[in-house]
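Here are a few exercises on pockets and helix packing, each with a worked solution. Grab your viewer and try each task before reading on.

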Amino acid sequence: MHQFLPYAWFQGQCVPFEEARISIATHALHYGTGAFGGMRAIPDPQNSNTMLLFRADRHARRLSQSARLLLTDLSEETILSALTAMLQANKPDQPIYLRPFVYTSDLGIAPRLHNIETDFLIYGLPLGDYLSPEGVSCRISSWTRQEDRSLPLRGKISGAYITSSLAKTEAVQSGFDEALLLNSRGKISEASGMNLFLVRDGQLITPGVDQDILEGITRASVIELAKAMDIPVIERPVDKTELFIADEVFLSGTAAKVTPIRQIESTVLNSKRPVMDALKAKLVAITEGRDLAYEHWVTRIPIS
């Protein structure tokens, strides 16, 4: 069982986690009419009374935009203010994962987004490594990533994650750690909840936003860092056979951070990953507040 933080943000205030309850008739529970975010916060290594949030402004912007896709107004300022209040109420002393969620809170049975009540909540839990830092094994999923013409994939719409859930369970039950999904055109899209990168001949390659991916914040950060480190970056369609012959393959995401892929199907990949290692080290230094050049990527929140 997860050990959740003692306080959640619910109906406009911080309340004990066990008191943040919704009705079994809640619209979002039945129709997936919600959108969520995911953020990591860690104690400042130099000041335990301060929490560091990585790219909090970008996360708040994406959640606000996701809410707009659900015809709901949720400002970035409201999100950041609630995050601050929740962290100050909990005073965490270890790395945590935060889950903000905007959803249709109305009690009704008609699938719709008009004339309906919405709400916003946040909860959190301690979280170390979501995936093994030593690397994961992946299979190509039999499930296909949705298309943007059927779902607004630039938002983290909760209902869309049934495909991720099916793909993840299929992978685990067939002996793998993760799933890689193809899009409707047969190109690599992403993993169950992470973006994908590969390295070939010194170039960093990743499926572009036209490949039905989520516009990941960690993904965007890796791309920006790579360019600053003079690593050529190419965003383009990726064939699955390219993964088997790539010099490096890795995943990125808020929960996953930067995680290498060590095996795809029956093919064991190269264990030397100099490009990924350099990018990961840079990202860790930034998230820990040790890289002044990227201080603007870190939000510091005093908790005492």
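For the class counts below, Ala, Val, Leu, Ile, Met, Phe, Trp, Tyr, Cys and Pro are nonpolar, Asp, Glu, Lys and Arg are charged, and the others, Gly among them, are polar. Keep in mind that this is a predicted model.

**Exercise 1.** Describe the largest pocket and sort its lining by class.

*Solution.* Start with the space: about 890 Å³. Sorting the lining gives 14 nonpolar, 13 polar and five charged residues. Finally, trace where they come from: helix H4 (161-173) is among the elements supplying at least two residues, and H4 has the largest share, with four.

**Exercise 2.** Work out which element gives the most to the lining of the second largest pocket.

*Solution.* The volume here is about 490 Å³. There are 26 lining residues, with Arg40, Thr254, Lys257, Val284 and Thr287 nearest the centre. Strand S4 (39-44), strand S5 (47-54), strand S15 (257-264) and H7 each give two or more. H7 comes out on top with four residues.

**Exercise 3.** Classify how helices H5 and H7 are arranged relative to each other.

*Solution.* First take the axes of H5 (residues 217-228) and H7 (residues 274-287): they come within 10 Å and cross at roughly 110°. Angles of 65 to 115 degrees count as roughly perpendicular, so that's the label for H5 and H7. The crossing is right-handed. On the H5 side, the contact residues include Val222 and Leu225, and on the H7 side they include Leu279 and Ile286. By class, the contact has six nonpolar, two polar and one charged residues.

Notes: Residues numbered from 1 in each chain as written. Predicted model: local features only at pLDDT ≥ 70, side-chain atom pairs only at ≥ 80, totals over all residues. Heavy atoms only, no water. Axes fitted to C-alpha atoms, helices over the stretch in contact; angles between N-to-C directions. Parallel < 35°, antiparallel > 145°, perpendicular 65-115°, else oblique. Left-handed = near helix turned anticlockwise from the far one by under 90°. Contact = heavy atoms within 4.5 Å. 1 Å grid on protein atoms, 1.4 Å probe; cavity = no way out; pocket = protein on both sides within 12 Å on 5 of 7 lines; lining within 4 Å. Points joined across faces, edges and corners; volume = space filled by probe spheres on them.
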